[in-house]
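The following note sets out points for a colleague who wishes to read this structure residue by residue. Please keep the sequence and the model at hand.

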Amino acid sequence: MPSEPLSQKEIEDRLRELPGWAFEDDRILRTYRVDTHRAASALVVHICVVQDELNHHSDLTLGYNTVRLAVNSHDAGGRVTENDFALAERVEALAPAHGAS
């Protein structure tokens, strides 16, 4: 069953609960910074595990000491849904353990 897209207001309201996240080009996104490339790589692996658990995947970009996520729902026509925020919340919960800010 396809996910229902959230309204602009719903997206804005939900983003207030997720400092550091933004809405841009029909996606929610965030860039995390860590101390080393190894820490960034470990964060990516941990995010991949969560994405597989949720069966919901972001565009994930690994830099030297950065990790960028951009997420929307393909089954909702590339719009933002509750599933995107569920993933964002899970990533927010695990990021501090990797020293991410």
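1. Asp52 is exposed, since its relative accessible area is 54% and exposure begins over 50%. This residue belongs to helix α2. Please bear in mind that the model is a predicted one. The side chain of Asp52 forms a polar contact of 2.8 Å with the side chain of His57. Leu6, by contrast, lies 46 residues from Asp52 in sequence and 23 Å from it in space, C-alpha to C-alpha.

2. Which helix does α2 pack against, and at what angle? Helix α2, residues 37–54, packs with α3 at an angle of about 145°, and the two axes are 10 Å apart. The crossing of these two helices is right-handed. On the α2 side, the residues that meet α3 are Leu43, His46, Ile47, Val50, Gln51, Glu53 and Leu54. On the α3 side, they are Ala86, Leu87, Arg90, Val91 and Leu94. Sorted by class, this contact has 8 nonpolar, 2 polar and 2 charged residues.

3. Val91 deserves a separate entry. It is found in helix α3 and is one of the residues there that meet α2. With a relative accessibility of 0%, Val91 counts as buried. Leaving aside residues up to four places away in sequence, Val91 touches Tyr32, Ile47 and Leu69. From Val91 to Gln51 the separation is 40 residues in sequence and 9.2 Å in space, taken C-alpha to C-alpha.

4. Is Ser58 buried or exposed? The residue sits in the loop between α2 and β3, a strand that spans residues 59–62. Its relative accessible area is 13%, and Ser58 is therefore buried, the limit being under 20%. A polar contact of 2.6 Å links the side chain of Ser58 with that of Gln51. Not counting residues up to four places away in sequence, Ser58 touches Gln51, Leu69, Ala70, Val71 and Leu87.

5. Most residues other than glycine have a negative phi. Asn55, although not a glycine, has a positive phi of about 50°. This residue is found in the loop between α2 and β3, and it is exposed, with a relative accessible area of 64%. Asp25 also has a positive phi, near 55°, and is likewise a residue other than glycine. Asp25 is placed in the loop between β1 and β2 and is exposed, at 65% relative accessible area.

6. Helix α1 covers residues 8–15, and its buried residues are Ile11, Arg14 and Leu15. Why do they line one face of the helix? Viewed down the axis of α1, the buried residues fall within an arc of 100°, so they share one face. An α-helix has 3.6 residues a turn, so residues three or four places apart point the same way. Among the elements that cover the buried residues of α1 are β1 (22–24), β2 (27–33) and α3 (82–94).

7. Where does Thr81 lie? Thr81 is in the loop between β4, residues 66–71, and α3. Its relative accessibility is 1%, and it therefore counts as buried. The side chain of Thr81 is joined to that of Ser73 by a polar contact of 2.7 Å.

8. Thr81 and Pro5 are 76 residues apart in sequence, yet 4.7 Å apart in space, C-alpha to C-alpha. Excluding residues up to four places away in sequence, Thr81 touches Ser3, Glu4, Pro5, Leu6, Ser73 and Ala76.

9. The last point concerns Thr66, which is found in strand β4. At 18% relative accessibility it counts as buried, because the term applies under 20%. With residues up to four places away in sequence left out, Thr66 touches Thr31, Tyr32, Arg33, Ala40 and Thr61. Tyr32 is also among the residues touched by Val91.

Definitions and conventions
Residues numbered from 1 in each chain as written. Predicted model: local features only at pLDDT ≥ 70, side-chain atom pairs only at ≥ 80, totals over all residues. Heavy atoms only, no water. Buried < 20%, exposed > 50% of the residue type's maximum accessible area, 1.4 Å probe, protein only. Helix = DSSP H or I, 4+ residues; strand = E, 2+ residues; numbered from the N terminus. Arc of directions from axis to C-beta. Contact = heavy atoms within 4.5 Å. Polar contact = N/O pair within 3.5 Å; in protein donor to acceptor, adjacent residues only side chain to side chain. Axes fitted to C-alpha atoms, helices over the stretch in contact; angles between N-to-C directions. Left-handed = near helix turned anticlockwise from the far one by under 90°. Nonpolar A, V, L, I, M, F, W, Y, C, P; charged D, E, K, R; others polar.
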